Every structure is written in structure tokens, then in C-alpha cells.
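Visitor: I am new to protein models, and I would like to learn how to read one feature at a time. Please show me the structure, and then take me through it slowly.

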Amino acid sequence: MKITTDRISEFNKSNHSSYKTELDFLKNKFVKKGIDAEEIISKVADFQVAIPSWALGAGGTRFGRFSYGGEPSSLEQKLDDIGVLHALTQSAGAVSLHIPWDIPKDVNAIKEKAQSHGIVFDAMNSNTFQDQPDAKETYKYGSLSAVNDASRDYAVQHNLDVIKIGKELGSKSLTVWLADGANFPGQNNFQKVLQNTENSLKSIYGKMPEDWKMFIEYKPYEPNFYSTVIQDWGTSFMLANACGDRAHTLVDLGHHLPNTNIEQIVATLMLKGKLGGFHFNDSKYGDDDITVGSIKPYSLFLIFNELVYGMENNPQNPDLAWMIDASHNTKDPLEDLLQSLEAILIAYTQALLVDQKALKQAQQGNDVVTCQEILQDAYRTDVRPIIRAARDKSGAALNPLSAYRNLEVRKNLIKERGTKSIATGL
């Protein structure tokens with residue numbers, strides 16, 4: 001289904017007066033603090049987050065997968081679903097494709113479909129963590145790190161094939177995440193597999209178009225539980241430096257051991273000009289891939305505080321690629337994504353409220369109490385009226401989740417696609 005601007009406008013009428021009252025109250029508070037509300041509204045309105053093509057169907061666990069009905073069973077339908085999200089929020093104007101799960105059968109038709117929804121193609125994602133039905137080689141014991149030359153070459157070629165598809169679609173970046181590692185001591189020679197990975201990445205990097213970037217993800221564990229070849233940001237950073245100026249580290253919120261100081265990692269990478277992309281999700285125990293901001297909203301705010309600071313003060317760092325990377329097993333995937341987009345915009349807006357000048361003065365004076373007060377004052381501000389103002393400015397629904405339910409989107413998708421349609425990929 002496609003949501004028209006008329007339907008969104010009609011829905012907004014019932015919410016407009018109350019939101020305006022809340023916004024005026026907030027603006028008055030901002031004036032006293034010397035905050036330019038309109039500037040923040042414009043920044044929030046411009047903020048775009050890519051939706052991954054694999055997140056539009058029901059997620060799963062190792063034990064089961066429970067469909068929600070009306071899942072998109074083709075790339076065209078996935079773009080339609082992202083079109084719904086973008087129409088409701090005007091902040092989901094990009095898609096990140098996963099290959100080979102979502103190889104376009106007709107590139108021009110897919111480009112036209114995306115354009116009709118105002119969607120561009122963000123980073124392309126390669127898949128060397130599972131063997132495909134027609135695979136000539138196996139990734140069972142590794143891909144870019146494999147001791148087997150044929151498996152390694154096969155994985156390199158897959159990434160080059162992904163780049164080729166991305167070029168046709170207008171993408172400008174490649175995300176590489178490896179499941180490579182070992183389950184048992186002695187299974188791998190740590191130095192050998194790391195060197196193999198570096199050589200493979202250099203081979204891919206050397207054949208990328210000159211205007212492309214490479215994003216290198218890291219993950220401490222899973223699916224291997226003894227060692228992972230690219231296990232932390234330092235290894236990713238080292239490999240990116242080995243490849244060249246257009247290779248960067250990609251930070252996924254879930255890809256850290258419990259209580260890792262992610263905001264410090266973000267600050268370090270931006271200082272060095274090596275933070276390329278960011279994957280949003282949340283977790284309680286490990287890489288849980290659950291709704292953004294559902295568990296650790298303050299941590300998300302602290303991370304955004306460093307991101308906002310870096311975007312203002314680190315011109316050596318490239319523009320960041322933003323993407324949601326989550327799995328939905330008990331929620332309507334589109335509702336989950338709407339909640340995630342809301343949480344991202346809230347944290348971003350709160351970070352924009354931080355008085356960086358006052359914070360710097362407090363830091364210089366070693367006034368720890370004031371430093372905490374400055375951050376928590378921004379965090380405790382209800383910025384939802386600002387987000388609604390940004391949506392109002394861009395023609396989005398003031399309350400996307402309420403609009404989604406009011407317009408009975410899932411019911412209509414089930415009517416169009418049935419209850420047994422299953423999304424491609426996961």
C-alpha cells in the first residue's frame with residue numbers, strides 16, 4: 001500500500017493543536033537558555049536513517065520464527081514497506097540491501113520503485129556467513145580469513161559482485177561483516193587468519209570505485225564462541241588503516257561485550273577520522289538486536305552526544321551512514337522500526353540540546369557535578385514536540401505509530417499479501 005500526503009494531513013489535524021501548545025512551551029524555555037529551536041528542528045527534519053532490507057519481515061531465534069502476516073516476499077514489496085515508513089516519518093529515506101538475499105531482478109525497475117517512494121540506496125551488505133544453495137565453495141571454516149585459498153577467493157569475488165550491483169543502483173559504499181572465527185582453541189592460527197583477512201580486504205578495496213567507501217564491522221562473539229577474527233573496534237580500525245583512506249570502522253551497538261563504553265569508542269574513531277557507519281539496536285545481554293532505546297536510552301543519548309560533538313568538531317571524519325539493524329520476533333516489524341526511528345530522533349535531539357560551551361568550561365574547571373548536570377538536563381528534556389515540529393515541517397505524520405495503526409497498515413498488507421507470505425533473507 002502507499003500512504004498519500006492527504007491521508008497524513010487528515011490524520012495530523014486531530015493532533016495539531018495540542019502539539020503546538022507543547023512546542024510553544026518548549027520554545028520559551030529554549031529562549032531563556034539561548035537555544036535556537038528552529039535550527040534544531042531543521043537538523044532533525046534533515047536526519048535520515050537507512051532501513052535494512054532484511055528487517056521488514058519477522059525476525060527469529062535459534063528455536064523458531066513467528067510470522068506476522070503480510071510480510072514482503074520480494075524486493076519490490078520491501079521497498080513498498082520502506083515507502084510506508086518514509087511517508088509516515090520522512091526520516092527513512094534510504095535502504096541498505098543485503099546480497100544475495102535481495103538481488104534485483106530488474107535494476108531499472110527497482111530504481112524506479114525506490115524513486116517513487118523517495119528512497120535512495122545506502123550501503124550494500126555482503127554475505128559470507130552462510131553457504132548459498134549453488135555455492136561452489138564453503139564458508140564453514142571462514143571466508144575472507146579462510147586457510148583454503150579457493151574459499152577466500154570465492155568470498156572476495158562475492159564482495160566484488162555486490163559492489164557491481166551497488167554501482168548499478170547508485171550506492172557508494174560496501175559493508176563487510178565477517179562471521180569468521182573459531183569455536184575451539186587451536187582451531188585457527190590467530191596471526192594467519194588475521195593476515196588472510198587483511199589481504200582479502202585489500203584486494204576488495206583495491207577494486208572498489210574511487211568514490212566508494214568500505215565499512216568494516218566487528219563483533220566479539222557469535223556465531224563462533226572461542227574467537228572472532230575481527231573481534232573489536234581496534235582490529236577493525238587497524239584493518240581499515242591497512243586498506244586506505246576510504247576504509248572505515250562501522251559501529252554496531254549490539255556488537256560489544258556488556259558495559260563496553262561505546263561512546264568512548266565513537267569519540268576515538270571520529271578523532272582519527274575513521275568512523276564510517278553506525279548500526280542502531282539495543283541489547284540487555286549481548287547482540288540481542290532489539291528495538292533501539294528500549295533498554296538503554298541514556299547510553300544511546302551519551303553516544304549521540306559524542307556523535308554530535310564529532311560531527312561539529314571532526315571535519316577529518318566522513319559523513320556518517322546511519323542504519324537500523326534489528327530483529328523482530330514478537331512485534332510487527334514496521335511498528336518496531338517506527339519505535340526505533342522515534343528513539344533515534346529523541347536521542348539525537350537531546351544531544352543537540354547539550355550546551356557544549358558550558359560543558360567545556362565545566363570540564364576545564366574539573367567541575368564534575370556541573371558536567372553531569374549539563375548532560376542530564378538535556379537528557380531529561382521531553383523533546384517530542386521538537387520531533388513533531390520537524391515532521392510537520394517535512395510533511396510526515398506527527399505521531400507515526402498512531403497513524404500506522406489508524407490507517408490499518410498491517411491489516412491492508414495482510415489483505416494484499418496473505419497471512420503466509422515470508423520475507424526473503426532471514
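Guide: Let us start with burial: of the 426 residues of the protein, 54% count as buried, where buried means under 20% relative accessible area, exposed means over 50%, and partly exposed lies in between, all with a 1.4 Å probe and the protein chains only. This is a predicted model, in which local features need a pLDDT of at least 70 and side-chain atom pairs count only at pLDDT 80 or more, whereas totals for chains, interfaces and linings use all residues. Residues are numbered from 1 along each chain as its sequence is written, and side-chain values use heavy atoms, with hydrogens and water left out.

Visitor: How many helices and strands does the protein have?

Guide: Helices (H or I, at least four residues) and strands (E, at least two) are DSSP runs, numbered from the N terminus, and here they come to 15 helices and 11 strands. The radius of gyration, taken over C-alpha atoms, is compared with a globule rule of 2.2 Å times the number of residues to the power 0.38; the protein has 22 Å, close to the 22 Å that the rule gives for 426 residues, so it is as compact as a globular protein of that length. Along its principal axes, the C-alpha trace spans about 65 × 60 × 40 Å.

Visitor: What share of the contacts in the protein joins residues at least 24 apart?

Guide: Contact means heavy atoms within 4.5 Å, and among contacts between residues at least 6 apart in sequence, 79% join residues at least 24 apart. Ala58 counts as buried because its relative accessibility is 4%. By contrast, the C-alpha atoms of Asp122 and Asn366 are 244 residues apart along the chain and separated by 42 Å.

Visitor: Is Trp212 buried or exposed, and which residues is Trp212 in contact with?

Guide: Trp212 is found in the loop between α6 (190-206) and β7 (213-217), and it is buried, because its relative accessible area is 1%. Leaving aside neighbours within four places in sequence, Trp212 is in contact with several residues, among them Met124, Ile163, Ser171, Leu174 and Arg246. A polar contact is a pair of N or O atoms within 3.5 Å; within protein, one must be able to donate a hydrogen and the other to accept it, and residues adjacent in sequence count only if both atoms are side-chain atoms. Here the backbone oxygen of Ser171 lies 3.2 Å from a polar atom of the side chain of Trp212.

Visitor: Where is Thr175?

Guide: Thr175 is in strand β5 (residues 173-176) and counts as buried because its relative accessible area is 2%. Its contacts, apart from neighbours within four places in sequence, include Met124, Phe215, Glu217 and Leu250.

Visitor: Which residues of helix α13 are buried?

Guide: An α-helix has 3.6 residues a turn, so residues three or four places apart point the same way. In α13 (residues 384-394) the buried residues are Pro385, Ile386, Ile387, Arg388, Ala389, Ala390 and Arg391, and they pack against α1 (5-33), α2 (37-46), α3 (75-89), α10 (333-352) and α14 (400-406). Just after α13, Gly395 takes a positive phi of about 85°.
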